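Subject: Structure for you to look at

Hello,

Here is the structure I said I would pass on. Please open it first, and then read the notes below.

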Amino acid sequence: MEMETNMNAIVEARVVSKLYGAGETAVTALSEASLAVRPGELLLIEGPSGSGKTTLLSILGLLLRPTSGQLLIEGQDAARLPEKALPRLRARTFGFIFQGFNLFPALDARDNVALAIRMKDPKVRSSVARAEAERLLTMVGLGERMHHVPGDLSGGQKQRVAIARALGGDPPLILGDEPTAALDSKTALAVMDLLRGLTREGRGVVVVTHDHRLRKYADRVVRVDDGHVEELRADALAA
Amino acid sequence: MWTLARKILLHDRVKFVVAAAGVSISVLLVLVQIGLYLGFMGNASTLIDHAKADLWVTASGNEQFDFATPMDERLYYRVAATPGVEHAERMLLSFGQFKLQSGGTQGVQVVGIEKGARLLRPWNLQHGSLERLDDVDGIVVDQTEFAKLQIKEVGARREISGVRSKVVGLTKGIRSFTTSPFVFANLDSARAFSRLGPNDLTYILIKVQPGADVRAVKARISAMPHLDAFTKAEMSERTRSYWSKRTGVGVGFFTTAIMGIIVGLVVVGQILYNGTLEHIKEYGTLKAMGAENAAIVRVIMYQALISAGVGFVFGGALALGAQAGMKALNLSVSLTPTLLIGTAVLTVVMCALAALLSVLKVLRLDPAMVFKG
């Protein structure tokens with residue numbers, strides 16, 4: 001049965017909890033969290049280490065099943081979908097970027113992006129995937145460096161390749177786990193500029209970060225503390 | 001995907017060379033060991049395989065082709081008169097002592113055949129004349145045994161078990177399994193060379209009449225007292241089986257071949273598994289992005305197949321080199337098309353099995369691990 005989502009949200013978590021372990025030793029990583037990510041917005045998730053940010057991001061990205069609650073994607077509760085249905089839903093919904101880039105060192109920038117495109121949809125021909133990879137790399141400003149392997153690229157350039165890879169298959173939502181943590185300040189802001197730009201195409205972007213300086217790029221900021229999720233009000237942001 | 005697999009595999013060239021070397025050594029061991037085995041077994045049954053006889057008849061109870069107990073010639077006439085027999089020939093296979101030019105002796109296997117024999121004659125004649133075998137002292141030997149027999153050409157005269165002989169023909173490639181060179185002679189000379197009686201023979205070779213049932217003729221002969229009869233295929237298999245199973249020759253060769261396969265499995269498995277572990281975050285990222293397990297498994301299996309292909313080509317080339325080298329030592333390595341194709345398939349299976357650990361690792365990989373630092 002289709003469910004009504006919050007203002008056409010790409011993904012919406014409703015009263016989601018996550019417990020690790022059972023009985024007396026159970027640990028609550030996330031407690032009754034509700035959150036929606038809408039097209040065209042950049043959402044920042046902040047919080048101290050161990051607060052549950054990554055658990056929230058993993059649940060939003062269908063990498064972790066919540067213990068209770070609903071996760072609405074495309075009008076259905078994805079938390080109840082069978083395991084085999086998840087890869088395809090992830091492929092058409094999400095792109096991921098990470099602090100450590102996770103690029104294949106043996107492949108140049110173009111092949112790293114093309115590979116992700118083909119892995120998401122094996123029916124895409126190799127030549128088509130490469131052409132699309134070239135377009136995406138040009139879009140993120142790496143048109144001149146697409147034939148370089150990650151070892152020959154700077155941290156910022158690697159993250160741009162990772163962003164291009166995340167955009168492969170044209171997913172509506174990009175999830176980033178501390179994507180600027182390994183970068184210097186200037187490069188980090190440039191990467192955030194790039195992510196902000198993606199929202200102007202109607203894409204949603206969620207970024208987990210410790211860095212308060214990134215708030216200026218966000219449409220909304222939520223704070224996760226001890227498993228509890230709270231959206232920060234505008235006056236709190238200004239403070 | 002092939003390109004990706006190749007690039008990942010070749011990214012660390014040293015590891016790839018080690019993997020390819022492991023497969024190559026494995027292929028080399030399998031090909032050379034089984035090739036040597038086939039070569040030896042081919043030698044063991046070479047007289048039977050080259051004879052045109054439908055049936056081989058021997059004294060009952062003979063278990064081994066090369067050491068058969070003689071039987072009396074009167075049995076030959078009874079066999080020749082059996083219904084269904086078109087033609088029968090007497091043959092003697094025994095041992096004699098070949099006097100060397102240096103003064104020593106060399107054991108030889110004397111093959112006595114009838115004058116004008118049609119069912120078994122020396123083949124691959126290089127020099128001399130087979131008709132001269134009818135001469136009272138004529139013998140035909142093989143060129144590959146020159147060193148053992150210390151002769152160089154047709155016309156050489158030597159004594160066998162104290163009886164004069166003269167080389168009247170030279171063949172190429174007729175080698176025995178027992179390492180005692182074959183010496184072909186007419187039946188009377190062979191009896192003298194072997195110090196057997198004038199009526200002794202060890203085999204009767206049978207050609208059945210056109211349209212006759214070989215099995216029925218065999219049954220008629222086997223029903224006679226003191227005789228056993230075997231079809232050509234049975235005799236050949238029986239001889240090879242004796243040497244292979246009774247002496248442990250087969251176990252020895254195949255054990256080494258299996259050890260080669262194990263070496264290949266371990267080396268390739270280790271290299272592929274390490275490679276998978278090195279790229280586990282990248283594979284996890286692809287899974288997180290929605291890649292199906294099958295797509296990632298394909299990349300790993302392609303790496304295994306590339307290792308198999310490269311290893312087989314190099315291992316095969318090494319085996320061909322070993323074959324040439326061993327030929328110079330008078331050892332026959334039989335690299336038949338069946339053996340080559342079989343080893344190629346075995347190599348692919350071996351590398352695919354070696355990739356299983358990596359495949360299991362990827363199948364069990366939780367894509368959420370990409371967020372775990």
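Buried area is the accessible area, found with a 1.4 Å probe, that two parts lose on being put together, summed over both. Between chain B and chain A about 2,500 Å² is buried in this sense, and carbon and sulfur atoms give 71% of that area. In chain B, the residues that lose the most area to chain A are Glu282(B), Met289(B) and Phe371(B), which together account for 31% of what that side buries.

Some notes on conventions. This is a predicted model, in which local features need pLDDT of at least 70 and side-chain atom pairs count only at pLDDT 80 or more, while totals for chains, interfaces and linings use all residues. Residues are numbered from 1 along each chain as its sequence is written, chains are lettered from A and ligands numbered from 1 in the order in which they are written, and side-chain values use heavy atoms, with hydrogens and water left out.

The interface

Contact means heavy atoms within 4.5 Å. By that rule, 26 residues of chain B touch 26 residues of chain A. A salt bridge is a side-chain nitrogen of Lys or Arg within 4 Å of a carboxyl oxygen of Asp or Glu, and two are found across the interface of chain B and chain A. Lys7(B) and Asp111(A) form a salt bridge through their side chains, at 2.5 Å from N to O.

Which helices of chain B supply at least two residues each to the side that touches chain A? They are helix H1 (2–11), helix H10 (280–288) and helix H11 (293–328). Helices (H or I, at least four residues) and strands (E, at least two) are DSSP runs, numbered from the N terminus. H10(B) gives the largest share of that side of chain B, with seven residues.

Around H10(B)

Buried, for a residue, means under 20% relative accessible area, exposed means over 50%, and partly exposed is in between (1.4 Å probe, protein chains only). Eight of the nine residues of H10(B) are buried, including Glu282(B), Tyr283(B) and Lys287(B). Just after H10(B), Gly290(B) has a positive phi of about 110°.

His279(B) is in the loop between helix H9 (249–278) and H10 of chain B. His279(B) counts as buried because its relative accessibility is 6%. Neighbours within four places in sequence aside, His279(B) is in contact with Phe104(A), Pro105(A) and Ile8(B). The side chain of His279(B) also reaches the backbone oxygen of Gly275(B) at 3.0 Å.

Glu178(A) sits in the loop between strand E7 (173–177) and helix H6 (185–199) of chain A. Glu178(A) is buried but has no salt bridge, and the nearest side chain of opposite charge (Lys and Arg count as positive, Asp and Glu as negative; His and the chain ends are not counted) is that of Lys53(A), 4.6 Å away.

Phe101(A) is not a glycine, yet its phi is positive, at about 70°. Phe101(A) lies in the loop between strand E6 (94–98) and helix H3 (109–120) of chain A. Is Phe101(A) buried or exposed? At 12% relative accessibility, Phe101(A) is buried.

Glu74(A), also a residue other than glycine, has a positive phi near 50°. Glu74(A) is found in the loop between strand E4 (68–73) and strand E5 (76–77) of chain A, and is partly exposed, with a relative accessible area of 45%.

Regards

Technical notes. Polar contact = N/O pair within 3.5 Å; in protein donor to acceptor, adjacent residues only side chain to side chain.
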